[in-house]
Amino acid sequence: MVHADASNFPRGVLKTEAYAQVIEQASALFDGQRNWVCNLANSASLIWHALHSMPEPSNHANWAGNSIEGLTRVLEGFYVLDPTTPKQLILGPFMGKVACQTIKFGRGVCGKAAETAETQVIEDVHSFPDHIACDGDSRSEIVVPIRVGGKVVAVIDVDSTVPKAFDEEDKKALESLAEILGTSCDW
Ligand code: SME
């Protein structure tokens, strides 16, 4: 049975353990549920709580909103294919402050990930010329495409208020989650 405890991560949990819990809980939540809105919404919650429980600098991830203790700011969520406009992403489930509604393929970090179907790890968004600054406080970002049959159907987007917040471990873990989401939802 689905329970809110799935989002409980021990404070200061190691990144490896936190991501392992995200993958385990996501897989359990997707069992018997293939609706993408539902599964992305629960995934946004899992990632937000995981990131905010990790030590520095991961806990500064920034699209998932202000942390409970006011320490960190994280923005984290999903963009999906816009059914009304070809080659365009539209905002999906997320945690945090309001964000850009649509992004063209090829524009910004999200659009680059969607166009190339490759993960983008941006150590300093100020050095990425086409970065779309939905939140001026963002300093680094990771965007991971969700692919189905080689076609991008959505992206995972996580922003941080500190530079170089994301590394190879974030990339691998979020790519694993993207793979599970690709096969677990009806897109
Ligand atoms: N920074 C992103 C835009 C989306 S927000 O971060 C939510 C980009 O450059 O694509």
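Student: How do the residues of the largest cavity's lining divide into nonpolar, polar and charged?
Tutor: This is a predicted model, where local features need pLDDT of at least 70 and side-chain atom pairs 80 or more, while totals for chains, interfaces and linings use all residues. Numbering runs from 1 along each chain, and side-chain values use heavy atoms, without hydrogens or water. With Ala, Val, Leu, Ile, Met, Phe, Trp, Tyr, Cys and Pro as nonpolar, Asp, Glu, Lys and Arg as charged and the others as polar, the lining has 10 nonpolar, three polar and four charged.

Student: Which element gives the most to that lining?
Tutor: β2, α3 and β7 each supply at least two residues (helices are DSSP runs of H or I, at least four residues; strands of E, at least two). With three residues, the one giving the most is α3.

Student: What side chain has an N or O atom 3.0 Å from a nitrogen atom of the ligand?
Tutor: Polar contacts here are pairs of N or O atoms within 3.5 Å. An oxygen atom of the ligand is 3.0 Å from a polar backbone atom of Val 109, and a ligand nitrogen is 3.3 Å from the side chain of His 131. For the 3.0 Å nitrogen pair, the side chain belongs to Glu 141.

Student: Which element gives the most to the shell around the ligand?
Tutor: β2 (73-81), α3 (108-116) and β7 (151-160) each give two or more residues to this shell. The most, three residues, comes from α3.

Definitions and conventions
Polar contact = N/O pair within 3.5 Å; in protein donor to acceptor, adjacent residues only side chain to side chain.
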